[in-house]
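Reader: I am new to this structure. Please take one part of it and walk me through that part closely.

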Amino acid sequence: MVLTRGWAVFLTAVGAWTWLIWPRFAVAIWRDARAWTGGGAGLGAPTSFLWVHAALIAASLAVGTAVGVLGIRAWRASRAPT
């Protein structure tokens, strides 16, 4: 299956957007008082709040990476001579 260039750009943009947004969210979760038993970033043990959000962030980055790679591969395939 060969995707159009428009879809290739869209998929690549979604992958890039994922890598722009989720790391910033990870920093916000890290600094959140609910993420640590001590009430501050790195104070005490990590809570389930931190672990659940870490799993969501990791899964989202994995999916975003896969979508971005598919977009790049689709772009390259659309440029290849047939």
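Author: Start with Ser60. Its relative accessibility is 21%, so Ser60 counts as partly exposed; that term covers values between buried (under 20% relative accessible area) and exposed (over 50%), with a 1.4 Å probe and protein chains only. This is a predicted model: local features need pLDDT of at least 70, side-chain atom pairs count only at pLDDT 80 or more, and totals for chains, interfaces and linings use all residues. Residues are numbered from 1 along each chain as its sequence is written, and side-chain values use heavy atoms, with hydrogens and water left out.

Ser60 sits in helix H2. Helices here are DSSP runs of H or I with at least four residues, strands are runs of E with at least two, and both are numbered from the N terminus. Setting aside residues up to four places away in sequence, Ser60 touches Thr18 and Trp22. Contact means heavy atoms within 4.5 Å. Gly15 is 45 residues from Ser60 in sequence, yet their C-alpha atoms are 9.8 Å apart.

Now the helix itself. H2 spans residues 48–79, 32 residues in total. From first C-alpha to last it reaches 47 Å, close to the expected 46 Å; the expected span is 1.5 Å times one less than the number of residues. Its buried residues include Phe49, Leu50, His53, Ile57 and Leu61. Gly64, Gly68, Gly71 and Ala74 are also buried in H2. Helix H1 (5–31) is part of what covers the buried residues of H2.

Last, the loop between H1 and H2, where Thr47 is found. Thr47 has a relative accessible area of 17%, so Thr47 is buried. Beyond its neighbours within four places in sequence, Thr47 is in contact with Arg34, Ala35, Trp36 and Thr37.
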